[in-house]
Amino acid sequence: EGASWYAEWGQNINETVQLAFQKAYSLGQAALYLPGDLPFIKPKDVYGLIGASGRLKNVTLASARKGGGTNAILALPGLSNPFVPMLGTNSFNQHMLQATSLGISVSIYYSPGIGFDLDTLDDLKAYEYMEPGLLNKLTEA
């Protein structure tokens with residue numbers, strides 16, 4: 001689909017994601033952040049996230065199922081005030097506040113594939129119960 005992957009460039013996740021967003025913006029492209037701990041994500045989740053943007057007219061956010069985090073950001077090029085990632089504790093609310101303060105239109109997207117992230121051992125146990133054999137799939141080479 002023409003996507004590019006960027007290794008970690010910054011001192012922390014927010015700096016790394018911001019640098020990748022700036023690179024995409026400089027090319028006139030939208031930027032998509034998806035963390036690597038989404039064991040149930042499917043292509044339809046990504047297409048749904050893009051579709052929720054209204055043909056790239058809205059910044060689109062997807063929250064984590066629990067914990068207040070942000071599990072996806074689709075940021076748009078050409079905004080007078082570019083959207084800045086603020087990942088971490090309560091980041092979903094922080095992202096919503098940022099968009100509101102900048103006057104940026106936002107769409108919210110939810111799907112289990114994006115909402116269920118793997119942050120703790122309890123998450124892993126719950127997900128293994130939901131999908132027996134998940135741990136083996138995640139550790140296969």
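Two strands are taken to pair if DSSP finds at least two bridges between them, and helices (H or I, at least four residues) and strands (E, at least two) are DSSP runs numbered from the N terminus. The structure is a predicted model, in which local features need pLDDT of at least 70 and side-chain atom pairs count only at pLDDT 80 or more, whereas totals for chains, interfaces and linings use all residues. Residues are numbered from 1 along each chain as its sequence is written, and side-chain values use heavy atoms, with hydrogens and water left out.

Strand β2 (59-63) is joined to β4 (residues 106-108) by three bridges, the two strands running parallel, and within this pairing Leu61 has Ile108 of β4 as its bridge partner. To β3 (70-75), β2 is joined by four bridges in an antiparallel arrangement, in which Ala62 is partnered by Ala72. The hairpin formed by β2 and β3 has six residues between the strands, and Gly67 in the turn has a positive phi of about 95°. Four of the five residues of β2 are buried, where buried means under 20% relative accessible area, exposed over 50% and partly exposed in between (1.4 Å probe, protein chains only).

A nonpolar core is defined as a set of buried Ala, Val, Leu, Ile, Met, Phe, Trp, Tyr and Cys residues joined through side-chain atoms within 4.5 Å. The largest such core has 16 residues, and Phe21, Ile73 and Phe83 are those with the most contacts inside it. At least two residues of this core are supplied by each of α1 (13-26), β1 (31-33), β2, β3 and α3 (91-102), and the largest share, four residues, comes from α1. A second, separate core of six residues includes Leu49, Ala72, Leu74 and Ile114.

With contact taken as heavy atoms within 4.5 Å, and neighbours within four places in sequence left aside, the residues in contact with Ile73 include Phe21, Leu32, Leu61, Phe83 and His95. Leu32, which is placed in strand β1, is partly exposed, with a relative accessible area of 37%. Under the same exclusion of sequence neighbours, Leu32 is in contact with Phe21, Val46, Leu49, Ile73 and Leu74. The C-alpha atoms of Leu32 and Val17 are 9.2 Å apart in space, the two residues being 15 residues apart in sequence.
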